[in-house]
Every structure is written in C-alpha cells, then in structure tokens.
Amino acid sequence: MLIPGRLLGLENVKKLWLNATKNGFSSTAGSSAKKRICVVGAGPAGFYAAQYILKHLSGSAVDIIEKLPVPFGLVRYGVAPDHPEVKNVINTFTKTAEHKNFNFYGNVALGKDVSLHDLRERYHAVLLTYGADQDRQLNIPNENKPNVLSARKFVAWYNGLPGAHNLNPDLSGETVAILGQGNVAVDVARMLLSPMDTLRKTDTTEHALEALSRSRVKQVYLVGRRGPLQAAFTIKELREMLKLPNVQTLWKPDDFTDVPAELPNLQRPRKRLTELMLKSLSEQPAISSSKKFFLPIFLRAPRAIGENEIELTVTQLQNNVAVLTDKIERLPADLLLRSIGYKSTCVDGGICFDERKGCVYNENGRVLKDAVSKTVDKGLYVAGWLGTGPSGVILTTMNGAFAVAKAICDDILSSELSIAEAKPGLDFNKFQRVVTWSHWQRIDQAETQAGQVMGKPREKFVDVEEMLKVAGL
Ligand code: FAD
C-alpha cells in the first residue's frame with residue numbers, strides 16, 4: 001500500500017498510516033514492484049545514501065526510520081549554531097525527502113520499536129546509518145565528578161537535543177579546561193568565549209543562551225596529548241578563534257621549540273595550519289586583563305581529576321606517539337569538558353559490532369556476519385560514523401555514503417539480493433505517533449516562526465512530547 005504523504009492532508013495521512021501499518025510496515029513494504037530499501041537514521045549518511053539510490057536505481061523506494069521525531073542528526077544537534085552555512089545541506093536533504101518514492105518515519109527507533117530482523121524481512125536491503133551518540137571515556141580517577149562533563153553532552157545542551165536541556169553546566173567559575181583538541185573541542189571553546197550578541201543571532205537554544213549570558217568563564221584551556229604538529233583542529237576553526245572579539249589566544253612558546261624546523265617537510269594543509277599557529281605565537285601581545293583567553297596546551301595527558309584542578313602528565317613525542325614522562329603538572333579548572341570523541345553502540349543483537357572500535361564490522365559498507373570468517377551478511381549495509389568510526393566532516397560522510405549506496409545498487413542489479421515478497425502484518429499499534437515528513441514540516445515551521453520573533457533562525461523544541469503535539473500527534 002502506498003501512502004502519498006505529501007499529497008494528503010495531515011489527518012488523512014495519519015489514518016492511512018494506521019491502516020497501512022495493519023498490512024505491513026511502510027508505504028513501500030507492500031509493493032513488490034519496487035526495490036525497497038530501509039535506511040536507519042536520518043543524518044547525513046542516511047540522506048545522502050537515499051539520494052544516491054533514488055537517483056541511480058530505477059524503481060527503488062527508500063524509507064528512512066529515525067529515532068527522534070526530527071531529521072538531520074548531527075547537522076541539527078552537533079554542528080555549531082554559529083556555523084549556519086554548514087547546515088545548508090538540509091536543503092539538499094529536503095529535496096530528497098520530496099521524492100515521491102521516499103518516506104520519513106520519525107519517532108521509530110531500531111532496537112526499541114522495531115528489530116533488525118523485522119526490517120530485513122520486509123526490505124530488500126537495510127542500510128544502518130544510526131551514527132555515534134555516546135562518548136569515549138578518559139578512564140582516569142574522578143572522571144565522574146559533577147564538574148566533569150562530556151563535550152558531547154554540552155554540545156547537545158546548547159543545540160537542544162531532547163533529554164539534554166537539564167544538563168545545567170556550572171559556568172560560575174572562571175576557568176574551563178577542555179580535554180581534547182579536535183574541532184568539537186574548538187566549537188565548545190568558541191561557544192564559551194563568543195560574545196552574547198553573536199550567539200543570540202544563532203539557533204542556540206534559549207536555555208543555553210540564558211545560562212551563557214550569566215557565565216563567568218574567562219579562560220578556556222584546550223589540552224592535547226601530542227604537539228602542535230599533530231593538532232586535530234583545522235585551520236578554519238583556528239582562524240575563527242583568532243578572530244573572536246575580546247578574546248586573546250595565548251600559546252606556550254615551549255610547545256613550539258622544534259616546530260619551525262619541521263615546516264618544510266609538512267603537507268600543505270598541515271603546513272598552513274602550523275604557519276598560522278606560529279604567526280599567532282609571534283604576534284602574541286602582552287596579556288590584557290580585560291580580555292577572555294583561549295589557551296591551547298600541547299604535550300600534556302590527563303592523569304587524574306582533583307578539586308577544581310586536573311593533574312596532567314607531561315608527554316614526549318616518539319614517532320608521533322605521546323609517551324608519558326614522570327613530570328606532573330596541575331592545571332586549575334572549575335569545569336572540565338572531555339572531548340575525546342564520539343562512540344557508536346550496538347542497538348540490536350543482529351548486528352555484528354566491533355566493541356573495541358565502536359563501529360559495525362563491515363567491508364566497504366557491506367556488513368559482515370562475523371569478524372572471523374569475514375562473510376558478508378547479504379542485504380545489510382552500514383554507512384556514516386557507524387561504519388567508519390566518528391571522524392570526518394559531512395563531505396567525508398557524503399562520499400562514504402555514496403560509495404555504500406552504489407554497492408547496494410550494484411548488488412540489487414546483479415541479483416545478489418533477491419527481490420523478496422513483503423511479509424504482511426507487524427503489529428504497529430505502538431507506532432501510532434510516527435512522524436511523517438509532513439509532520440516534520442509542521443514542527444519546522446513552528447520552530448522557524450518562534451525563532452523569528454526572537455531574531456534568530458529558529459527556536460528548537462527540546463521536548464519530544466512538545467514536538468509531537470505541534471506535529472498534531
Ligand atoms: P548522525 O549525523 O549522527 O546521524 C545519525 C542519525 O541516526 C541521527 O539522526 C540519530 O538520531 C539516528 N539514530 C540513532 N539511533 C537510532 C536508532 N536506534 N534508530 C533509528 N535512528 C537512530 N561536519 C562538518 O562538515 N562541519 C561541521 O561544522 C561539523 N561540526 C560538527 C560538530 C560536532 C559537535 C560533531 C559531533 C560533528 C560535526 N561534524 C561537522 C561532522 C558531521 O556532523 C558528521 O560527519 C555527520 O553528522 C555524520 O553523519 P551520520 O549520518 O553518520 O551520523
């Protein structure tokens with residue numbers, strides 16, 4: 001049964017959905033003429049894969065199921081609010097969503113509302129793109145103290161992820177230390193040091209703006225285990241920090257002793273980043289007391305967390321690896337933010353999951369039955385951070401998702417995947433509050449309107465119930 005969600009009124013869509021689900025999971029499930037693909041997770045990987053499949057595999061239909069009532073994954077809940085240009089990819093995703101053979105089903109979680117087994121019975125291929133929504137631990141003493149937060153939670157808090165708005169980070173102290181030096185760490189530092197006038201024009205949620213406006217944070221350390229030549233942040237993010245009004249970036253000259261000699265041997269992007277750091281170091285002005293400070297510190301490994309301080313072990317580089325010395329230092333910090341990477345989890349027992357790497361075992365996106373024999377589990381695929389691990393930007397995710405989508409198309413066209421009959425009848429009564437694309441458009445519109453009143457692009461709903469109510473569910 002086909003539900004042309006975009007062509008009908010919302011009430012009718014809901015009725016049709018309920019009827020349709022009596023016979024099979026989705027609009028595409030009952031249609032044997034189509035090559036039906038289910039994508040799990042509506043982030044960049046899911047949307048780019050859907051775009052590729054709909055374009056290149058004639059007669060295909062793609063359903064995306066998404067845990068949250070709203071689409072776009074980390075584009076909505078990760079990308080910094082002051083990077084609106086990055087969020088323009090949403091326009092491309094929206095075009096894909098308007099394709100007649102595409103359906104979005106939000107508020108449906110794999111592993112909770114539906115099992116992988118059920119999906120595999122009803123689709124010719126299932127593509128897992130449910131991302132990485134946990135974080136890595138440092139595994140040092142006192143890591144669970146109340147003044148230690150993960151950057152992931154802090155990002156989720158200012159971006160309005162449901163469930164994250166009660167984080168209440170204590171911003172009453174003057175010093176924050178961020179452990180980690182990737183772009184997420186720099187995003188967090190920028191959010192802590194940016195002028196409120198700038199942030200108020202972004203889609204930073206109101207609860208975060210209110211807390212940030214009362215913040216007393218004056219200095220933000222960015223601590224890395226390795227040296228300036230291994231810094232994980234990129235040049236765009238550093239430039240933004242260097243340009244922040246009323247913020248002085250201070251480097252430790254000792255960290256750069258051996259760096260100039262290495263410049264000629266560096267690849268171009270690394271060379272440009274290093275040149276910018278050296279330039280900033282050489283222009284380092286006298287410390288001005290009225291300013292806020294951004295303080296990158298290299299060659300220090302977190303050792304233990306104390307009362308308003310962190311113990312760091314001085315490291316030395318050996319073949320690009322940070323080796324601990326016996327020198328210990330203490331850094332004052334009222335709040336500590338751990339920013340050492342996101343981590344995927346296994347949400348369904350049917351997935352062959354690499355717990356060590358935190359991603360699904362796969363070979364170029366084809367999921368493996370087990371790690372030892374490396375046999376491909378036909379019809380099951382993975383893309384995005386769930387398949388590669390949590391690194392790379394949207395462009396990297398896009399290229400990976402296109403490649404996996406091509407593998408799906410190739411396998412279906414070469415009859416590697418047999419076109420099975422849809423099995424009838426799952427009990428979908430529990431799915432009564434499924435969010436279709438039309439429902440999302442209602443939420444989107446309400447958020448945009450609420451934002452306009454406040455002079456910002458949108459004010460996000462931070463509560464799932466509120467979202468569903470606005471959607472009319
Ligand atoms: P995600 O974007 O995480 O999407 C996964 C989706 O799956 C989510 O919508 C999630 O809700 C859903 N899901 C989870 N579990 C389930 C389940 N059980 N069932 C159904 N659905 C589920 N890249 C840039 O290019 N520029 C930037 O400025 C930038 N900033 C970033 C800032 C941060 C803080 C982070 C963390 C990343 C940033 N990135 C940026 C990287 C970019 O966000 C990623 O490359 C990209 O989002 C990865 O896409 P994905 O689809 O694999 O995962």
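The questions and answers below cover aromatic pairs, a helix, salt bridges and a sheet in a predicted model.

Local features need pLDDT of at least 70 and side-chain atom pairs count only at pLDDT 80 or more, while totals for chains, interfaces and linings use all residues. Residues are numbered from 1 along each chain as its sequence is written, and side-chain values use heavy atoms, with hydrogens and water left out.

Q: How many aromatic pairs does the structure hold?
A: Rings of Phe, Tyr and Trp (its six-membered ring) pair if their centres lie within 6.5 Å; planes under 30 degrees apart count as stacked, over 60 as edge-to-face and the rest as tilted. By that rule the number of aromatic pairs is 19.

Q: Are the rings of Y52 and F402 stacked, edge-to-face or tilted?
A: The ring centres of Y52 and F402 are 5.8 Å apart. Their planes stand at 40 degrees, so the pair is tilted.

Q: How many residues apart are Y52 and F402?
A: Helices (H or I, at least four residues) and strands (E, at least two) are DSSP runs, numbered from the N terminus. Y52 sits in helix α2 (residues 44-56) and F402 in helix α14 (residues 394-413). The pair links distant parts of the chain, 350 residues apart.

Q: Is Y52 buried or exposed?
A: Buried means under 20% relative accessible area, exposed over 50%, partly exposed in between (1.4 Å probe, protein chains only). Y52 has a relative accessible area of 15%, so Y52 is buried.

Q: What span should helix α15 (residues 437-454) have?
A: The expected span of a helix is 1.5 Å times one less than its number of residues. Helix α15 has 18 residues, and its end C-alpha atoms are 26 Å apart.

Q: Which residue follows α15?
A: Within α15, the buried residues include W437, W440 and I443. The residue that follows α15 has a positive phi, near 75 degrees, and is G455.

Q: With which residue does R338 form a salt bridge?
A: The closest N and O atoms of this salt bridge are 2.8 Å apart. Both residues are buried. The partner of R338 is E143.

Q: Which strands stand at the edges of the open sheet of 7 strands?
A: The strand order is β3-β2-β1-β4-β20-β19-β18, with mixed pairing; two strands pair if DSSP finds at least two bridges between them. Each edge strand has a single partner strand, so one side of each is left without a neighbour in the sheet. The edge strands are β3 (102-106) and β18 (362-363).

Notes
A salt bridge is a side-chain nitrogen of Lys or Arg within 4 Å of a carboxyl oxygen of Asp or Glu.
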